[in-house]
Amino acid sequence: MLASRRIVRLCGRRLSYSIDSKDESIFSEEHASMRASLRQIIDQHINPHVDEWESARAFPAHDLFKRLGDAGFLGVTKPPEYGGLGLDYTYAVAVAEELGRINCGAVPMAIGVQTDMAT
């Protein structure tokens with residue numbers, strides 16, 4: 001099967017890359033494992049409480065961030081010497097996509113702010 005050639009612009013620079021047309025995924029089995037672990041946290045500890053949190057107009061951010069941090073989902077791309085995992089941005093994309101499974105907008109937004117703007 002022939003590889004396709006794609007050209008994109010990034011910051012005004014023209015970049016070219018090849019993708020095997022058979023498999024265009026940027027995700028590996030490690031990504032899938034990370035996604036499954038995060039999905040379990042979302043399904044068990046976040047989504048069952050979303051309606052309650054929205055009614056209260058608050059969610060237990062400290063507890064939730066602690067749980068996510070202990071599981072390795074905060075600071076995915078940050079260097080290990082600063083408490084992160086030191087992974088590339090494909091892992092951050094996988095985490096962001098998985099956060100899209102949360103049944104509201106405020107909680108994943110708060111997680112994104114904590115991990116990408118406050119660190």
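**Figure 1. Aromatic pairs in the predicted model.** How many aromatic pairs are there? Rings of Phe, Tyr and Trp (its six-membered ring) pair if their centres lie within 6.5 Å; planes under 30 degrees apart count as stacked, over 60 as edge-to-face and the rest as tilted. By this rule there are 2 aromatic pairs. Trp53 and Phe59 form a tilted pair, because their ring centres are 6.0 Å apart and their planes stand at 45°. Phe59 and Phe65 are edge-to-face, because their centres lie 6.4 Å apart with the planes at 80°. Trp53, Phe59 and Phe65 make one aromatic cluster.

This is a predicted model, in which local features need pLDDT of at least 70 and side-chain atom pairs count only at pLDDT 80 or more, while totals for chains, interfaces and linings use all residues. Residues are numbered from 1 along each chain as its sequence is written, and side-chain values use heavy atoms, with hydrogens and water left out.

Figure 2. Buried means under 20% relative accessible area, exposed over 50%, and partly exposed in between (1.4 Å probe, protein chains only). Trp53 is buried, at 11% relative accessible area. Phe65 is also buried, at 16%. Phe59 has 23%, so it counts as partly exposed.

Figure 3. Helices (H or I, at least four residues) and strands (E, at least two) are DSSP runs, numbered from the N terminus. Which residues of α3 (residues 61–70) are buried? They are Leu64, Phe65 and Leu68. These residues span an arc of only 95° around the axis, so they sit on the same side of α3. The arc is that of the directions from the helix axis to the C-beta atoms. His62, Asp63, Lys66 and Asp70 are exposed on the face of α3 turned away from its buried side.

Figure 4. Side chains of opposite charge can pair when their charged atoms come close. Here a salt bridge is a side-chain nitrogen of Lys or Arg within 4 Å of a carboxyl oxygen of Asp or Glu. This rule gives 5 salt bridges. One of them joins Glu98 to Arg35, at 2.9 Å, N to O. Glu98 belongs to helix α4 (residues 89–99) and Arg35 to helix α1 (residues 29–46), so this pair ties together parts 63 residues apart in sequence. Glu98 also meets Arg39 in a salt bridge of 2.7 Å, N to O. That pair again links distant parts of the chain: Glu98 in helix α4 and Arg39 in helix α1 are 59 residues apart. A salt bridge of 2.5 Å, N to O, connects Glu98 with Arg101. Arg35, Arg39, Glu97, Glu98 and Arg101 are linked in a network of salt bridges.

Figure 5. Arg39 is partly exposed, at 27%. Arg101 is partly exposed as well, at 41%.

**Figure 6. Arg35 over the ring of Phe27.** Where does Arg35 lie relative to Phe27? Arg35 sits over the face of Phe27, at 5.3 Å from the ring centre. A charge sits over a ring if NZ of Lys or CZ of Arg is within 6 Å of the ring centre and within 35 degrees of the ring normal.

**Figure 7. Ser28 and Tyr91.** Ser28 lies in the loop between β2 (13–20) and α1. Ser28 is partly exposed, at 33% relative accessibility. Ser28 and Tyr91 are 63 residues apart in sequence, yet 9.6 Å apart in space, C-alpha to C-alpha.

Figure 8. In α5 the buried residues are Val107, Pro108, Ile111 and Thr115. Viewed down the axis of α5, they fall within an arc of 95°, so they line one face of the helix. Ala106, Met109 and Asp116 are exposed on the other side of α5. Met109 lies in α5 (residues 106–116) and has 56% relative accessibility, which means that it counts as exposed. Met109, Val113 and Met117 make a nonpolar surface patch of about 330 Å². Patches are made of residues with over 30% relative accessible area and no salt bridge: like charges are joined within 9 Å, nonpolar side chains (Val, Leu, Ile, Met, Phe, Trp, Tyr) within 5 Å. Accessible areas come from the Shrake-Rupley method with a 1.4 Å probe; for residues, only the protein chains shown count as cover.
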